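Look at the structure first, then read on.

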Amino acid sequence: MTVDALAQRCVEETERFRLRLRDDSKYCFELFRRAICERLEFAWNFIYNQYKPQVAIWVKERLGFDASEANIDYAVNGAFTKMWHAVTPGKFGKFSDLKSLLYYLKMCVYSVIVDHNRLAEPPSQYVPDEAPIWGKDPGPEPEETVIDREKRLAFWEWINERLHDEKERLVVYGSYDLDLKPKELYEKFGNIFGSVAEIYTIKQNILARLQRDPDRHKFIGRDA
């Protein structure tokens, strides 16, 4: 089947899925395969146009992200770019179906947003719409908030520099940003990890590596 024919069937089956009718995802999956394994630019361009609206929805749903039009475009493009570079022809075989591919793309969205938030400039001072309620803790002063945020950014940058590969990044993002347990990570990414035990091992190796790092006292204390 030609790429044009695959693209048309993918559109039709996606619409059937949207209408909750019985659909066949093999056409969209094959389109991904040709784009990634055969490096067909036309196939990848179609995938981008086909799934860009859904990726934009994932971006808008992400809390703690300034979903302006420019930022949405940045996150959408970044997610597709990250997936393009991460899922090589040799790794495509780890994905068993369209659902696993789309979930990985969704994880790429979260990864791009996390990176963006770490590098973003501190927000301007917030001006409340209402007067403060007397007796209620007003929270930290603006300068304290900025200092605390800078520490968090430095902390995550320190961790990111010490991660060895995409598996380790996925474990860290999944565990601490998405709050997923190892079993939940494996249920979603069984195509990436061999077992729940592997996820536990990767997580323990990361923690042990950070524990041994001579710069750890800057973030977790000298006695940690």
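## Ground rules

Buried means under 20% relative accessible area, exposed means over 50%, and partly exposed lies in between (1.4 Å probe, protein chains only). The model is predicted: local features need pLDDT of at least 70, side-chain atom pairs need 80 or more, and totals for chains, interfaces and linings use all residues. Numbering starts from 1 along each chain as its sequence is written, and side-chain values use heavy atoms, without hydrogens or water.

## Arg-162

Arg-162 sits in the loop between α6 (142-161) and α7 (166-177). Helices here are DSSP runs of H or I, at least four residues, numbered from the N terminus. Arg-162 counts as buried because its relative accessibility is 17%.

Contact means heavy atoms within 4.5 Å. Leaving out residues up to four places away in sequence, Arg-162 touches Glu-168, Arg-209, Leu-210, Asp-213 and Asp-215.

## Helices α2 and α3

Helix α2 (residues 26-37) packs on helix α3 (residues 41-61) at about 135 degrees, with axes 8 Å apart. Axes are lines fitted to C-alpha atoms over the stretch in contact, and angles run from 0 to 180 degrees between N-to-C directions. The two helices are therefore oblique. Under 35 degrees is roughly parallel, over 145 roughly antiparallel, 65 to 115 roughly perpendicular, and the rest oblique.

Cys-28, Leu-31, Phe-32, Ala-35 and Ile-36 of α2 meet Ala-43, Trp-44, Phe-46, Ile-47 and Tyr-51 of α3.

## Helices α3 and α4

α3 also packs with helix α4 (residues 69-86), at about 125 degrees and with axes 9 Å apart. That makes this pair oblique.
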